[in-house]
Amino acid sequence: MRNVIYFLINSILLLLAFISKLLSVKSRTQFGIFIGKTLRILSKRREKITIENISKAFPQLDENGVKKICKESYHNLGITLIELLTIP
């Protein structure tokens, strides 16, 4: 079962790499933001942990500030992932 999961993850990453290589830099950034939003939606448990960690790191921030940083962090994660997949 674990091999099947690894195969699926690898296939998804290869597909993302193929798509990202076809895009311009600006489009790749937008695609990365979309991937980050998707990861955030698919990993609600991780999002909760991220929000808790940001709240601990920045106790002076209100809830909106913490959520904004969380959202932008996932955007950055997606952009970084797409940029890494573009490297030959």
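The structure is a predicted model, in which local features need pLDDT of at least 70 and side-chain atom pairs count only at pLDDT 80 or more, while totals for chains, interfaces and linings use all residues. Residues are numbered from 1 along each chain as its sequence is written, and side-chain values use heavy atoms, with hydrogens and water left out.

Rolling a probe the size of a water molecule over the atoms shows where empty space is left. Here a pocket means an open set of points, on a 1 Å grid over the protein atoms alone, where a 1.4 Å probe fits and where protein lies on both sides within 12 Å along at least five of seven lines; a lining residue has an atom within 4 Å of a point. The volume of the largest pocket is about 240 Å³, a volume being the space filled by probe spheres set on the points, with grid points joined across faces, edges and corners. Its lining consists of eight nonpolar residues, one polar residue and no charged ones, where Ala, Val, Leu, Ile, Met, Phe, Trp, Tyr, Cys and Pro count as nonpolar, Asp, Glu, Lys and Arg as charged, and the others, Gly among them, as polar. Both α1 (2-22) and α2 (25-42) supply at least two residues each to this lining.

The protein as a whole has four helices and zero strands, and from the N terminus its elements follow the order α-α-α-α; helices (H or I, at least four residues) and strands (E, at least two) are DSSP runs, numbered from the N terminus. The radius of gyration is 15 Å, whereas a compact globule of 88 residues would have one near 12 Å; this radius is taken over C-alpha atoms, and the globule rule is 2.2 Å times the number of residues to the power 0.38. Along the principal axes, the C-alpha atoms fill a box of roughly 40 × 40 × 20 Å.

Of the 88 residues, 25% count as buried, that is, under 20% relative accessible area, with exposed meaning over 50% and partly exposed in between (1.4 Å probe, protein chains only).

| Residue | Relative accessible area | Class |
|---|---|---|
| R28 | 18% | buried |
| G32 | 0% | buried |
| L22 | 63% | exposed |
| F7 | 56% | exposed |

G32 is found in helix α2, and, leaving aside neighbours within four places in sequence, G32 is in contact (heavy atoms within 4.5 Å) with H75, G78, I79 and I82. Although G32 and L77 are 45 residues apart in sequence, their C-alpha atoms are 7.8 Å apart in space. R28 is also placed in helix α2, and, not counting residues up to four places away in sequence, R28 touches S20, K21, L23, I82 and T86.
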